[in-house]
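Start with the sequence and the structure, then read on.

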Amino acid sequence: MAFDIIFPKIGFSMTEGVLAEWLVEDGATVTEGQPLYAIETDKSTNEVEAPASGVLRITGQTGETYEVGVTIGSIE
């Protein structure tokens, strides 16, 4: 079963942010709770943890701006 990685809402008024960095490479095995990627907003930079364990499949590109709720990858 695959889990979608959704660009999160961090903060009440956040509508979009920048995918600053993937902390794990595409195809790597990750564990639930492991830091997966970093996002930048106008106020802060935050690391986001893996929602599940499995193999990471990246679709979102570093440096791009994404709206909250957009799928940027999956864990298979």
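## Terms and model

Two strands pair if DSSP finds at least two bridges between them. Strands here are DSSP runs of at least two residues, numbered from the N terminus. The model is predicted.

## The sheet from S5 to S7

Begin with the open sheet whose order is S5-S4-S2-S7. It is built from 4 strands, and their pairing is antiparallel. Strand S5 (45–49) and strand S7 (65–67) sit at the edges, each pairing on one side only. From one strand to the next, the twist averages 40 degrees.

Inside this order, look at S2 and S4. Strand S2 covers residues 16–22, and strand S4 covers residues 35–40. The two pair in the antiparallel sense over 4 bridges.

Another open sheet has the order S1-S8-S6-S3. Again 4 strands form the sheet, with antiparallel pairing. Its edge strands are S1 (3–6) and S3 (29–30). Each of these edge strands pairs on one side only.

S1 and S8 run antiparallel, joined by 4 bridges. Here Phe-3 stands opposite Ile-75 in S8.

## Ser-74 in strand S8

Strand S8 spans residues 71–75, and Ser-74 lies in it. Is Ser-74 buried or exposed? Its relative accessibility is 13%. Buried means under 20%, so Ser-74 counts as buried.

Which residues does Ser-74 touch, not counting those up to four places away in sequence? Phe-3, Asp-4 and Ile-5 are among them. Val-55, Leu-56 and Arg-57 are touched as well.

## The salt bridge

Side chains of opposite charge can pair when their charged atoms come close. How many salt bridges does the structure hold? The count is 1. The side chains of Arg-57 and Glu-76 meet in it, at 3.3 Å from N to O. Arg-57 lies in strand S6 (residues 54–58), while Glu-76 is in the segment after S8, so the pair ties together parts that are 19 residues apart in sequence.

How accessible is Arg-57? Its relative accessibility is 34%. That value falls between the 20% and 50% cut-offs, so Arg-57 counts as partly exposed.

Conventions
Residues are numbered from 1 along each chain as its sequence is written. This is a predicted model: local features need pLDDT of at least 70, side-chain atom pairs count only at pLDDT 80 or more; totals for chains, interfaces and linings use all residues. Side-chain values use heavy atoms; hydrogens and water are left out. Buried means under 20% relative accessible area, exposed over 50%, partly exposed in between (1.4 Å probe, protein chains only). Contact means heavy atoms within 4.5 Å. Axes are lines fitted to C-alpha atoms, for helices over the stretch in contact, and angles run from 0 to 180 degrees between N-to-C directions. A salt bridge is a side-chain nitrogen of Lys or Arg within 4 Å of a carboxyl oxygen of Asp or Glu.
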